[in-house]
Amino acid sequence: VPLWIRDGKNGTIDPRALIYRFELPGVARVTNRMVLPLAPADLMTFADMYSRVSRAAGMSMQELMHTCYSYCHYFASALEEHGIDLVMFAVPPHYGPDYLLYIVAKAFGVETVLCHQSLFPNRFFHARNLDDMGHYKQVVPASLETPLTIPRDFRKELFYMNKVRVPNTRPVGSLINDLRKQMLWKDEKPLRLAGVFQKFTESREYLAESKRQISTDVDLDQPYVYFPLQLQPEMTTSALGRGFSDQLTAIECISRLIPPGWKILVKENPKQTYRQRGGHFFARLASIRNVVYVDRKISTYALLEKAHFVATVTGTAGWEAISGGKPALVFGQPWYAGLPGVITYDSQVRLDDILNQVISHDELTVAFNARLANTRLGVLDPHYAKIVPSFSPEENSRHLENFLSDVIAGRAYEQDGN
């Protein structure tokens, strides 16, 4: 492996230095193989992803553009210098620089493989292209030793939501701490002085506006759509959002879809903080017809139970909905896209298309197991090892070695895939 971007002694490139400190080892040369300028959609995607990186806060649009192209030239030089013919991602790109690596690899005709750990023990999804995530049409399916059964129930045991507390936002305390870091030591994740004050302003706006707009008295007997907001910034919207990383655009589309008298009940993610939730976010949210911003304390399952349908970009709420017998409208590329009861939004979708969905649980179970056949055995995200009974690092290494062997030998994907 000529280049390995990872923490620890086996990595050749330190990801924290590369992403957070903008340290580009070696020489980045401008190469004629790069098609410039980048497509506007790719630039927007980079900016959206890079917003999760501390050094991007307070950065001008011009500096952001220079940063973007510097990364492009760096990755282009690295691919050429080392003769790379395969780039593998343990998780879909979502920090910004990793997305540009993907773009450069595609421009050079270099094979890419993107992996995504699933909610199901010891299983991960994979695809050759970002566009195929959620569909897996190019994946050679594997047989499942034992098909899984799906309880007909909305409720799911999600280990990553255990003991989640509403974040305690203290703008002034955070400002003092950030200013102290500026003066006293060099941070591993440096924040510009302009970024310090941007963070303070957005934190204060988030705290005030989220409290001002929240509604605790919600009528669940009225016709409504339930839209649980996803945590941002995060891969599930920035990489898999299909242009709907801006969740308010999805809510605006729903507002045009439903008749007068309906409501859109919007609930914030339990883990959400100020990021991507500034004052303009709430001003825009308040301007959308029929939106009710509900208290986080209201049970998501109570909201899901009485909703006419659930809408999400890629959230687990869509899977919870269809497995409980309720249709889901999705805007992005969730792993469950295309399963019975799931409608992917486009401008031609009508309300009746969603409401007329009849979900056969038996058919859903068959389709679910067919989708799970697109996964491979193994754990790529160490946080998911805890849901694997008797997890063995040695056995996991063998699973991943088998997968890598199949990728290299051309057995993992249909040969006509691009």
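Strand β5, helix α9 (residues 279-287) and strand β6 form a right-handed β-α-β unit. Right-handed means that, with the strands pointing away from the viewer, the path from the first strand over the helix to the second runs clockwise. Helices (H or I, at least four residues) and strands (E, at least two) are DSSP runs, numbered from the N terminus. The model is predicted: local features need pLDDT of at least 70, side-chain atom pairs count only at pLDDT 80 or more, and totals for chains, interfaces and linings use all residues. Residues are numbered from 1 along each chain as its sequence is written, and side-chain values use heavy atoms, with hydrogens and water left out.

Strands count as paired if DSSP finds at least two bridges between them. β5 pairs in the parallel sense with β4 (residues 224-228) over five bridges. With β6 (residues 291-294), β5 pairs in the parallel sense over four bridges. Val 266 of β5 stands opposite Phe 227, and its bridge partner in β6 is Tyr 293. Four of the five residues of β5 (residues 263-267) are buried, so this strand is largely enclosed by the rest of the structure. Buried means under 20% relative accessible area, exposed over 50%, partly exposed in between (1.4 Å probe, protein chains only).

A nonpolar core is a set of buried Ala, Val, Leu, Ile, Met, Phe, Trp, Tyr and Cys residues joined through side-chain atoms within 4.5 Å. The largest has 80 residues; Leu 38, Trp 319 and Trp 335 touch the most other members. Helix α3 (residues 61-82) gives the most to this core, with nine residues. Apart from it lies another core of 32 residues, including Val 266 and Leu 285.
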